[in-house]
Amino acid sequence: MPEELRGTGVSPGAGAGPVRTIAGAVPEPEAGSRHAGDADAERATALGALAAVAADLEERGARSVTPDGRDVLNAQALMASDPGLADGVAAKIDEGLAAARAVFEAFGVYREMLAGAGEYLAARATDLDDVRDRAVARLLGLPMPGVPASDEPFVLVARDLAPADTAVLDPATVVAFVTEEGGPTSHTAILARTMGVPAVVALPGATDLADGTPVLVDGTAGTVVVNPSADQVKRARAADRARTAHVAETSGPGATKDGHAIPLLANIGGPGDLESALEHGAEGVGLYRTEFLFLDRATPPTDDEQERAYRTVLEAFPKGRVVVRVLDAGADKPLAFLPPPGDEPNPALGERGLRMLRRHPDVLAAQLRALTRAASGLTAELQVMAPMVTSAEEAADFAAICREAGIDRPGVMIEVPAAALRSRDLASEVAFFSLGTNDLTQYACAADRQIGSLASLQDPWQPAVLDLVASTTAAGIATGVCGEAAADPALACVLVGLGATSLSMSAPSLPHVRAALARHTLAECRQAAGAARAAATAAQARRAAEAHLNP
Ligand code: PEP
Ligand code: MG
C-alpha cells in the first residue's frame, strides 16, 4: 500500500515523478587536513575535480533556458578552469594539504582578489563560491549543491526554497515542489503558483525521501503519495483536468455575475513572467516585485538596467495599469547591496521595505527616476507603491518623494496591522492601497511565513485577517489585494465582498478567479464575506463562505 504523507497544499494540481533533492550547504573541509604523501596523485585528483566541474557547468550553460543563465554558467565554467586558480591549488597540495582543503583555500585567495577588484568582479564572488562548493562536494563525495540538473521531469524536494535558488528552474522539468518548511504565503508557494506547478509545503521529513523515489504530489489536497500506483497517478491527473475544465468558459475582464468590474491583474517578478501573465488574460500588473530583479546582485543596478526592465513590462500593457512596488529588501528577500544595519534577531520585524529605503534615499530616488523615464511616452498607467508601510507619516513621506519625482498617484501596501487599523489616516496621504495579505497574515497572527510548522496560522482565512481587510477598505480609497489570498477563488469572492476593488495574483490562478467571480453577484460576495467574518476559526470561515458560494 503506497504511503501517503500530508503537508499543506499551496499550489493546486497533480504532478508525478522521481524525487530530486536540493542538497544542503557543502561543509568546509577540515582545516589543516593533509594528504597521504603522494602530492602528484593528489594534484591530479584536485585538478580532475575542477575540470569535471568546468565541463558540467559548460554543458548546463549550453542547455540553459535563459541567456542570463547561460552567461552565468559559462562565466563559472571559466572560473573553474582558470590556470591561476589551478596553480594556487597545486601549491597548497605541495605544502601537504589534502585536495579538498587545498581547493577550498585556493578559492579563498582567489575570492578575495575578485572581491577587491571592483564592482563587476565583486558581484561574481557568489558565483565563485558556488564553483568552489561544487569542486569540494565532488572531492568529498557529497551531493552537488543547488537545484539538481536533470533532463527528465522530476519533483523538486528541499528543506525550503530561497528566491535566489529558484531563479534557474526550468518549468518544463520541475513537475512539483515539496518542502519541509514554508507556509502558504512563503516564496516557495508564490513561485510554485507563478510557474503553475503543484506544490506541498510544511511536510516534515520531506528531505528524507531518497533521490529517485517516485512520488505523486497533490497540491490541492496537500498530499504526497510515495510509490504511487499507475492507477493513482491516472486518477489524480483526471481530477486535475476536471478542476480546470470549467475555467475556459470565462474570458475577458474580471467582473462579478452582475457586472461589477474587478480588474484581474498579475503578480510578476520581472519581464520573464509577462508571457504567462498575457496568456492567462491579465488586465495589467498589480504587483511588480522589483527586488526579484536583483536578488543575486552585490551592487545596485544601474539606472539604464532598471529602466529597461520596467519599460518592457509597461510596453506589454498599453491599455492597462502596471503597479510597481519599490524594492522590498530585507527579511525573506535580502539584497546584498542593501544589507540591514547589523545583526537582526527578527529580520521580519526589522529593516525591510520602506524602512530600508528611508535609510538609502539615493537608491529609492534612482528607482523612481528609472520608473518615470521608463514610462515616458508609453500609454500604460504607471502606479508606484511602497512595501512595509506602518504609519501615516511614512505614507506621507513616500508620497512626497514620489510626487517630487513626477509620480502623481503614489500608493502604499497595507501589510502591517497598524496600517490596516488606521487606514483612514494613511488614505489621506496616498491615492491607493494594495493589501499584502501574505505579510498582513504573518504580522496579524505573529507567525513567520517561512516556518512550516506555523502553516495553519499563516492562513488568510483567519477571521482576524478578514477584519483587517475590512478595516482597510473602510477608508474608501481604491484598494487592491496582491497577496496570495487573491488567488484562492472562494477567498477572492470574499475579498470583493469586503470591498476590494481589484485582485492581483500569480498568473495561472487568474482564470480560476475570473470564473469564480463570474458565477457570483456582488451581493452574494458580500453575504459570503459577512458569514466568513462571523466565524471563529479559519476553517469555519472558509466553510461559512463556501456555503454562500457555488463551487
Ligand atoms: C504580501 O506580503 O502579501 C505581498 C504581496 O508581498 P510579498 O509576498 O512580496 O512580501
Ligand atoms: Mg509583503
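Let's start with helix 17, whose buried residues are Pro463, Val465, Leu466, Leu468, Val469, Ala470, Ser471, Thr472 and Thr473. Here "buried" means under 20% relative accessible area, "exposed" means over 50%, and "partly exposed" is in between, using a 1.4 Å probe and protein chains only. Helix 17 covers residues 463-473, and with 9 of its 11 residues buried, this helix is mostly covered. Helices (H or I, at least four residues) and strands (E, at least two) are DSSP runs, numbered from the N terminus.

A quick word on the ground rules. This is a predicted model, where local features need pLDDT of at least 70 and side-chain atom pairs count only at pLDDT 80 or more, while totals for chains, interfaces and linings use all residues. Residues are numbered from 1 along each chain as its sequence is written, chains are lettered from A and ligands numbered from 1 in the order in which they are written, and side-chain values use heavy atoms, leaving out hydrogens and water.

Now step back to helix 16, where you'll find threonine 441. Why does threonine 441 count as buried? Because its relative accessible area is 0%. Leaving out residues up to four places away in sequence, threonine 441 touches Ala446, Leu457, Gln458, Asp459, Pro460 and Val465. A contact like this means heavy atoms within 4.5 Å.

Is alanine 446 buried or exposed? Its relative accessibility is 69%, so alanine 446 counts as exposed. Alanine 446 also has a positive phi of about 50 degrees although it isn't a glycine. Most residues other than glycine have a negative phi. Methionine 388 is another residue other than glycine with a positive phi, near 55 degrees. Methionine 388 lies in the loop between strand 12 (381-386) and helix 13 (392-404), and at 1% relative accessibility methionine 388 counts as buried.

Which residues coordinate the magnesium ion, ligand 2? They are Glu415 (OE) and Asp439 (OD), at 2.1 to 2.2 Å. Glutamate 415 is in the loop between strand 13 (410-414) and helix 14 (417-421), while aspartate 439 is in helix 16 (residues 437-444), so this pair, 24 residues apart, links distant parts of the chain. Both glutamate 415 and aspartate 439 are buried. Donors are N, O and S atoms within 2.8 Å of the metal (3.2 Å for Na, K and Ca), and the site may look incomplete because water is not among the atoms.

Next up is ligand 1. Of the 17 residues around ligand 1, Arg289, Arg325, Lys333, Asn438 and Arg449 come nearest; being near means that a residue has a heavy atom within 4 Å. A backbone N or O atom of asparagine 438 lies 2.7 Å from an oxygen atom of ligand 1, and a polar side-chain atom of arginine 449 also lies 2.7 Å from an oxygen atom there. The protein covers 100% of the 290 Å² of accessible area that ligand 1 has on its own. That area comes from the Shrake-Rupley method with a 1.4 Å probe; for residues, only the protein chains shown count as cover.

Now for the greasy parts. Nonpolar side chains tend to be buried together in soluble globular proteins. The largest nonpolar core here has 91 residues, and Leu338, Phe398, Val412, Phe433, Trp461, Val494 and Leu503 have the most contacts inside it. Apart from that core lies another, of 27 residues, among them Leu57, Ala80, Phe107 and Leu128. A nonpolar core is a set of buried Ala, Val, Leu, Ile, Met, Phe, Trp, Tyr and Cys residues joined through side-chain atoms within 4.5 Å.

Let's finish at serine 506, in the loop between strand 16 (502-505) and helix 19 (510-518). Serine 506 is buried, with a relative accessible area of 1%. Serine 506 and leucine 191 are 315 residues apart in sequence, but 8.3 Å apart in space, C-alpha to C-alpha. Not counting residues up to four places away, serine 506 touches Ile190, Arg193, Thr194, Asn267 and Glu484.

Definitions and conventions:
A polar contact is a pair of N or O atoms within 3.5 Å; within protein, one must be able to donate a hydrogen and the other to accept it, and residues adjacent in sequence count only if both atoms are side-chain atoms.
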